[in-house]
There are 2 protein chains.
Amino acid sequence: MADERIVPVIMSGGAGTRLWPLSRAARPKQLLALAGDKTMLQMTAERFAGWASAEAPIVVANARHADEIEAQLAEVGAAPSAIILEPIGRNTAPAVALAALIAEPEQLLLVMPSDHFIAAPERLREAVKAATSLAGEGWLVTFGIAPTGPETGYGYIRRGGPIAPGVFAAAQFTEKPDLATAEAFLSTGEFSWNAGIFLFRASAMIEALRTHAPEVLDATSAAMAGRARAGLIALDPDAFARSPSISIDYAVMERAERVAVVPLDMEWSDIGSWDALYDLLPKDSGANAASGDILLEETEGCLVSSGGPVVATLGLKDLIIVATPEAVLVLPRGRSQEIRKLVEELQARRHPGVS
Amino acid sequence: MADERIVPVIMSGGAGTRLWPLSRAARPKQLLALAGDKTMLQMTAERFAGWASAEAPIVVANARHADEIEAQLAEVGAAPSAIILEPIGRNTAPAVALAALIAEPEQLLLVMPSDHFIAAPERLREAVKAATSLAGEGWLVTFGIAPTGPETGYGYIRRGGPIAPGVFAAAQFTEKPDLATAEAFLSTGEFSWNAGIFLFRASAMIEALRTHAPEVLDATSAAMAGRARAGLIALDPDAFARSPSISIDYAVMERAERVAVVPLDMEWSDIGSWDALYDLLPKDSGANAASGDILLEETEGCLVSSGGPVVATLGLKDLIIVATPEAVLVLPRGRSQEIRKLVEELQARRHPGVS
């Protein structure tokens, strides 16, 4: 196994509203302390802190969040070599391209979302170690999570033949299957959830982009032209806007030749809904997950989260209640995927509670 | 019937938390727009506006609310002759005593709570007319509401023999009976709810206080000593604090000789709980009573009230949800009497959400 040094790339461009009203455009999920005292971004940065092989990270972020990201990383002593500021969101392919362009061609990049939960980062480290040599040889390595159920909200990766101990050729990518398909996937034992974590040599990714997504490479190269390779990096907004908005999975991983998958059996969550967060959080004796200023009487099985107001409940069961000074959400547990309806309605009204 | 002129006395000393978190010490029920665009205080002031026989009202209020009360009354063009400011709350007997002391002895005072709902004030006016002559003769007249159910949260008045058309001797006062007692009361047909509305000659009330509650009369007289009889009237706080804290019902009405009751069959509510307010408010096609910035999806039978944040709900049934920027309350309909537990717990913690 090569003793390669690895550059973590923290992808912080998301501006999702799936945890509305706590998450919103101005304060997305990665900037919130959802599963502990630290924000998801801070937990992501600290995930590499103890790795002898890790260099200073590169962060790719929405320009709107630059100050907050710098402040949060400073709080946990994380010193990124560069923070690349995207003027608009263009999904993950341009973000990965930017990181590959700013790195030295020979460097190994470990790309990670900033807003996912990983209970045991040491397992990820072992998996990264197992794949380092292959990445050094030019393979694009993905990491797959052992599924715990037929989730329809995730992408799935099917493993093909083994190519190294614990590493397999990636045979198929499927985004968000229907329930029957997901159940069929699970029954084969050959599928992992796509965790959005990738390991590759910068030059290999650039070659793959040149082959499979040249518009992405051209636009990001132009957006970076003449920029420094360290510190806060503001892109040329017009050039960057010319990139298609496309995921790295769809632009490259599903199409490239030498793509590997390392299956990982570890607790992981993309915290993609209030129900997913409820599953993750510790519960009190009444099966309530409470965070913030909360007073519960005769309340069971509820997720109650406040980003400000005191929330007082009495006689409730299996509800999700989330409060901020600007907005309050109440719905039954199990239906949190449907908050999209509410958020879209508020967006249509240009309501300040979603901005 | 004498053509007496009547001075409305608006009792605005309450600082209840039964509609917490919308109502709180700093912003009690009478200062809220609960059942329309106007506040309960404004609706109370306007109740007399069209009466040819009504003089400018006297207001007895908590000193803490002086500015808000003046502003709210000015908004509806109500010009009280005096606003008596209580430095602390001492229940209704001292408040009634203050009004009786500031009035001319011969004046008829019509005392009314500032935080009750009356759908048809013209019925009350008719009842007041019917009792004016007796009040002029020195009777202390109460007004009773025809009960619509065996409520245990109200006071009851039993009527005795008739003393004038529509007016009866008051034979018995019972505060907050248990359910069996309330049911027995209703079965007799002789009981009314005590609406806290009283009509009397100022001199008659002072005589009754002298006989039945001399400490109240002494303390309030001392608190008023040397004060003007118009405008904002600040009491001597030490003198006023010496008054016992006691209701006018208990101090005088239950004990005095010549007490009458005028039964009234009209829609009335003391809005003593969120459930009481739900009963009162207009509902949408899903039987929801919503006020403020609210977005309801698949929601039925809910009271949703916001004093600030947007409240978005999905898939709910028969809940009470009340939100302010500082506090959020969620509980099932039918249990709103129990919010006392929550408020007391927050008070014990000296939580700012109840101050």
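Hi everyone, here is a short walk through the two-chain structure shown above.

A few ground rules before we look around. This is a predicted model, so local features need pLDDT of at least 70 and side-chain atom pairs count only at pLDDT 80 or more, while totals for chains, interfaces and linings use all residues. Residues are numbered from 1 along each chain as its sequence is written, chains are lettered from A and ligands numbered from 1 in the order in which they are written, and side-chain values use heavy atoms, with hydrogens and water left out.

How confident is the predictor? On pLDDT, its confidence in each residue on a scale from 0 to 100, chain A has a mean of 94, and 99% of its residues reach 70 or more. For the model, ipTM is 0.87 and pTM is 0.88.

Let's move to the interface. With contact meaning heavy atoms within 4.5 Å, chain B brings 34 residues and chain A brings 34 residues. The copies meet through the same surface, because 100% of the interface residues of chain B are also interface residues in chain A. About 2700 Å² is buried between the chains, and carbon and sulfur atoms give 65% of that; this is accessible area (1.4 Å probe) that the two parts lose on being put together, summed over both.

What about charges across the contact? There are 4 salt bridges between chain B and chain A, each a side-chain nitrogen of Lys or Arg within 4 Å of a carboxyl oxygen of Asp or Glu. To find a salt bridge on screen, go to B:R335 and A:E298, whose side chains meet at 2.9 Å, N to O.

Which element of chain B gives the most to the side that touches chain A? That is β18(B), with 6 residues. Strands here are DSSP runs of E of at least two residues, and helices are runs of H or I of at least four, numbered from the N terminus. The residues on this side of chain B divide into 21 nonpolar, 4 polar and 9 charged.

Over all chains, the salt bridge count comes to 30. One of them joins A:R201 and A:E106, at 3.6 Å, N to O. A:R201 lies in strand β9 (residues 191–201) and A:E106 in the loop between α3 (92–102) and β4 (108–113) of chain A, so the pair ties together parts that are 95 residues apart in sequence.

Finally, some backbone details. Most residues other than glycine have a negative phi, and most peptide bonds are trans. In chain A, a cis peptide bond joins A:W20 and A:P21, with omega about 5°, and A:P21 sits in the loop between β1 (6–12) and α1 (40–46). In chain B, B:W20 and B:P21 are also joined by a cis peptide bond, with omega about 5°. B:N91 is not a glycine, yet it has a positive phi of about 70°; look for B:N91 in the loop between β3 (82–86) and α3 (92–102) of chain B.

Methods. pLDDT is the predictor's confidence in each residue, from 0 to 100. Ala, Val, Leu, Ile, Met, Phe, Trp, Tyr, Cys and Pro count as nonpolar, Asp, Glu, Lys and Arg as charged, and the others, Gly among them, as polar.
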